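Dear colleague,

Please find below the structure that I am handing over to you, together with its sequence. My notes on what was found in it follow directly after.

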Amino acid sequence: MQIPAASIEEYLVNVPEDRKDAFRKLYQTVSEHLPKGFQESLTYGMIGWSVPLETYPDGYHCTPNTPLPFINLASQKNFIALYHMGIYADPELLDWFVNEFPKYSKKKLDMGKSCIRFKKPEDIPFELIAELSQKMSPQEWISLYEKLYKKKK
């Protein structure tokens, strides 16, 4: 399920009522705790934070001339999704998150490679997401991305 929106505020307004407050709080949590330098925009039909082209002109290898994605937030059909590329790319960060999650939630962690799924808004561990958001700067993300994903010339 994609929420049609021309702006972040329009996206937030169109989130289903039963998850609107939690989704907005999750959005604010990420926004307020990310290190300076990430750019906020609507990308891939979601709210996203990326490394702007001014900072990293090479951009994202999958879609050239676009900013390097880092975190995306979406209201899907059956859950709220937080996509975190740092967790996907950094095994230490993933291990930290997996080990910390039970300290903040009694629910089983529902996670894919970069996607953390929250089926019930009341189960979102906002404090943990705040900590996760602070863990990687744009420069650290660029370094890790280049090390792992950038094609060798």
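The largest nonpolar core has 45 residues, and those that touch the most other members are Ile 47, Trp 49, Leu 73, Phe 97 and Trp 141. Please bear in mind throughout that this is a predicted model. As general background, nonpolar side chains in soluble globular proteins tend to be buried together.

Residues up to four places away in sequence aside, Phe 97 touches Ile 87, Leu 109, Met 111, Ile 116, Leu 128, Ile 129 and Leu 132.

Helix 4 against helix 5

The axes of helix 4 and helix 5 come within 10 Å and cross at roughly 160 degrees. An angle over 145 degrees counts as roughly antiparallel, so helix 4 is roughly antiparallel to helix 5. Their crossing is right-handed. On the side of helix 4, the residues in contact are Leu 93, Trp 96, Phe 97, Glu 100, Phe 101 and Tyr 104; on the side of helix 5, they are Glu 127, Leu 128, Ile 129, Glu 131 and Leu 132. Sorted by class, this contact has 8 nonpolar and 3 charged residues, with no polar ones.

Helix 2 against helix 5

Helix 2 (residues 17-33) packs with helix 5 (residues 126-134) at an angle of about 30 degrees, and their axes are 8 Å apart. Since angles under 35 degrees count as roughly parallel, helix 2 and helix 5 are therefore roughly parallel to each other. The crossing of helix 2 and helix 5 is right-handed. Here Ala 22, Lys 25, Leu 26, Thr 29, Val 30 and His 33 of helix 2 meet Phe 126, Ile 129, Ala 130, Ser 133 and Gln 134 of helix 5. By class, the contact of helix 2 with helix 5 has 6 nonpolar, 4 polar and 1 charged residues. Ile 129 is listed in the contact with helix 2 and also in the contact with helix 4.

Loop residues

Tyr 44, in the loop between strand 1 (39-43) and strand 2, has a positive phi of about 55 degrees although it is not a glycine. With a relative accessible area of 44%, Tyr 44 is partly exposed.

Asn 65 is likewise not a glycine, yet has a positive phi of about 70 degrees. Asn 65 lies in the loop between strand 2 and strand 3 and counts as exposed, at 65% relative accessibility.

Leu 53 is also placed in the loop between strand 2 (46-51) and strand 3 (68-75). Its relative accessibility of 28% makes Leu 53 partly exposed. Neighbours within four places in sequence aside, Leu 53 is in contact with Gly 59, Asn 65, Thr 66 and Pro 67. The C-alpha atoms of Leu 53 and Gln 39 are separated by 9.5 Å, and the two residues are 14 apart along the chain.

With kind regards

Definitions and conventions: Residues are numbered from 1 along each chain as its sequence is written. This is a predicted model: local features need pLDDT of at least 70, side-chain atom pairs count only at pLDDT 80 or more; totals for chains, interfaces and linings use all residues. Side-chain values use heavy atoms; hydrogens and water are left out. Axes are lines fitted to C-alpha atoms, for helices over the stretch in contact, and angles run from 0 to 180 degrees between N-to-C directions. Helices (H or I, at least four residues) and strands (E, at least two) are DSSP runs, numbered from the N terminus. Angles under 35 degrees count as roughly parallel, over 145 as roughly antiparallel, 65 to 115 as roughly perpendicular and the rest as oblique. A crossing is left-handed if the near helix is turned anticlockwise from the far one by less than a right angle, and right-handed if clockwise. Contact means heavy atoms within 4.5 Å. Ala, Val, Leu, Ile, Met, Phe, Trp, Tyr, Cys and Pro count as nonpolar, Asp, Glu, Lys and Arg as charged, and the others, Gly among them, as polar. A nonpolar core is a set of buried Ala, Val, Leu, Ile, Met, Phe, Trp, Tyr and Cys residues joined through side-chain atoms within 4.5 Å. Buried means under 20% relative accessible area, exposed over 50%, partly exposed in between (1.4 Å probe, protein chains only).
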